[in-house]
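Thanks for asking me to look this one over. Here are my notes, in the order I would walk through them with you at the screen.

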Amino acid sequence: MKTTLATLIATATLALAAAGTAHAAALDQFKTFVANTKSAKGEFTQQQQRKSTNGKATPASSGSFVFARPGKFIWNYQKPYEQLLQADGDQLYIYDKDLNQVTVKKLGNALGSSPAAILFGSNDLEKNFTLSEAGMRDGLEWLNAVPKARDTTFEQISIGLRDGIPQAMELKDTFGQTSVLKFTNFQRNPSLGVQQFKFEIPKGADVINN
């Protein structure tokens, strides 16, 4: 489960927000979000829409996030396992507390056509995604984002918006599996400290550079 979660976010799993009216179409809300949301923070739950081998639903994970465009974020899993994913604009750090191990990746163009580009990346999203309206469902206005790159892990990303705030995100990967994220306490453009995204290697941790 931990590996699945790390892979999802390392290819950078997450959300999207918008500022707009309650009845504005998702695409309009999205474009307003891109123009006006430079940073945000909130809480999330995440669950895969499939059952485990014993027939039970896979356990949901939960935690908090904070981001500042472009390329800076902290995605902190608190339950059921503690795991931290943090990017400072240049490097991505994945810290597994149980193993006391840090994996370091070059951020570079890794965001590209990944879900994280929607939240953490630059404003030029239509360069990497084909965007389209997906109508109303479960009380939310939905937007589909299909990556233009063929080598991405995800086939389609769907974002559900209400009152200009992200409520849900569905990530369908190339294996046909879907992960659902739900967001609460979403705050747009909070005041963030200059050193907020600087990662400190925990004492005694093993460091793996990829």
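The points below go from the overall picture to strand pairing, a helix and the aromatic rings.

1. First, the ground rules. This is a predicted model, in which local features need pLDDT of at least 70, side-chain atom pairs count only at pLDDT 80 or more, and totals for chains, interfaces and linings use all residues. Residues are numbered from 1 along each chain as its sequence is written, and side-chain values use heavy atoms, with hydrogens and water left out.

2. The overall picture. Of its 210 residues, 47% are buried, meaning under 20% relative accessible area with a 1.4 Å probe, protein chains only. The protein exposes about 10,500 Å², and carbon and sulfur atoms supply 47% of that area, computed by the Shrake-Rupley method with a 1.4 Å probe. Taking contacts (heavy atoms within 4.5 Å) between residues at least 6 apart in sequence, 53% join residues at least 24 apart.

3. Gln156 has Lys172 of E10 as its bridge partner. Two residues lie between these strands, and in this hairpin Asp163 takes a positive phi near 55°. E10 also runs antiparallel to E11 (residues 178-188), with five bridges joining them, and here Leu171 stands opposite Ser179 in E11. The hairpin of E10 and E11 has four residues between the strands, and Gly176 takes a positive phi near 85°.

4. Which residues of helix H2 are buried? In H2 (residues 26-36), they are Ala26, Leu27, Gln29, Phe30, Phe33 and Val34. They cover an arc of only 160° around the axis, so they lie on the same side of H2; the arc is taken from the directions from the helix axis to the C-beta atoms. These buried residues pack against helix H3 (115-120), strands E7 (129-137) and E8 (140-147), and also E9 and E10. Do have a look at Gln29, which is buried with a relative accessible area of 0%. Gln29 and Asp163 are 134 residues apart in sequence, yet 8.8 Å apart in space, C-alpha to C-alpha.

5. The aromatic rings. There are seven aromatic pairs in the structure, where rings of Phe, Tyr and Trp (its six-membered ring) pair if their centres lie within 6.5 Å, with planes under 30 degrees apart counted as stacked, over 60 as edge-to-face and the rest as tilted. Phe65 and Trp75 are stacked, because their ring centres are 5.6 Å apart and their planes at 25°. Phe65 is in strand E2 (residues 61-68) and Trp75 in strand E3 (residues 72-79). Trp75 is buried, with a relative accessible area of 0%. Phe65 and Phe186 have ring centres 5.7 Å apart and planes at 50°, so this pair is tilted. Since Phe65 lies in E2 and Phe186 in E11, the pair ties together parts 121 residues apart in sequence. One aromatic cluster is formed by Phe44, Phe65, Trp75, Tyr77, Phe183 and Phe186.

6. A charge over a ring. The charged end of Arg137 sits over the ring of Trp142, 4.1 Å from its centre. The criterion is NZ of Lys or CZ of Arg within 6 Å of the ring centre and within 35 degrees of the ring normal.

How values were computed: Buried < 20%, exposed > 50% of the residue type's maximum accessible area, 1.4 Å probe, protein only. Pairing = 2+ DSSP bridges.
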